[in-house]
Amino acid sequence: MRILLVEDEPTLREQLRSGLAEAGYVVVPADNGRDAHFLGETEAFDAVVLDLGLPLMDGLTVLKRWRDQGHSMPVLILTARDNWHDKVSGIDAGADDYLTKPFHMEELLARVRALIRRAHGVASAVLRHGEVALDTRSGRVTAMGQTVQLTSHEYKVLDYLMHRPEAVVSRSELIAHIYAQDFDRDSNTIEVFVGRLRKKLPTLNIETVRGLGYRLVQLKDLGR
Ligand code: CA
């Protein structure tokens, strides 16, 4: 999952960046509103963490412009103090949730997880697909109750697909949402990760859609 992190205060930005990265997100940081706006309109993000007080363009303007342009990614705004005006204007401008500074990293992570789930119509923190369960809070994957050890890249591929059952996901989309750096990107490795997932989770039905990508197919009740 790919997160746009917009915060101009360097210490806080670094804390948030490392906290989100440790939680397994690919983080793209921005330190001003103009860059943030450009990134949000030109690249795909699963969620945005947006400070409101920003140089060059304030967070509310950034958010309003995105929404006017039809960009609907979930946005969590950070408000400087317990100012209800900021929250109301932020939500009116199209924010999905807010957090008042100071806050705990754990709360930010929980809210980001919930925003991403809601954007895909998933209510529970545990994603299920047949016998396979993925707990988005702990990053634990189980098959029939047994823990399955996945590498961080395998987990990221699975997490991305499980948030989008039945959708065809292209390799380039997976690459963009899984790798932090361009130089890591190699579309052949995606095939390797999918191959390993199929081996480790044999009941999971990851279909290859020729020329398009992959699709996690919901299992019918065959053989039950
Ligand atoms: Ca600020």
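Author: Please keep in mind throughout that this is a predicted model. As a general idea, strands of a sheet pair through backbone hydrogen bonds, either parallel or antiparallel. In this structure there is an open sheet of 5 strands, which follow the order β2-β1-β3-β4-β5 and pair in parallel.

Reader: Why is one side of β2 and of β5 left without a neighbour in the sheet?

Author: Strands β2 (26–30) and β5 (97–100) stand at the edges and have a single partner strand each, so one side of each has no neighbour in the sheet. Averaged over this sheet, and with direction ignored, neighbouring strands are turned by 20° against each other.

Reader: How many bridges join β1 and β3, and which residue is the bridge partner of Leu 4 in β3?

Author: Strand β1, residues 2–6, pairs with strand β3, residues 47–51, over 4 bridges in the parallel sense, and Leu 4 has Val 48 as its bridge partner in β3.

Reader: Which strands does helix α2 lie across, and which does helix α3 lie across?

Author: Helix α2, made of residues 33–42, lies across β1 and β2 and runs at about 160° to β1. Helix α3, made of residues 59–68, lies across β1, β3 and β4 (75–79), and its direction is at about 150° to β3.

Reader: In which sense do β7 and β8 pair, and which residue takes a positive phi in their hairpin?

Author: Strand β7 (residues 132–135) and strand β8 (residues 140–143) pair in the antiparallel sense over 4 bridges, with Asp 135 standing opposite Arg 140 in β8. Their hairpin has 4 residues between the strands, and Gly 139 takes a positive phi near 75° there.

Reader: What joins β8 to strand β9, and how many residues lie between the strands in the hairpin of β8 and β9?

Author: Strand β9, residues 146–147, runs antiparallel to β8 and is joined to it by 2 bridges, and Thr 142 has Thr 147 as its bridge partner in β9. The hairpin of β8 and β9 has 2 residues between the strands, and in this hairpin Met 144 takes a positive phi near 50°.

Terms used. Residues numbered from 1 in each chain as written. Predicted model: local features only at pLDDT ≥ 70, side-chain atom pairs only at ≥ 80, totals over all residues. Heavy atoms only, no water. Pairing = 2+ DSSP bridges. Axes fitted to C-alpha atoms, helices over the stretch in contact; angles between N-to-C directions. Contact = heavy atoms within 4.5 Å.
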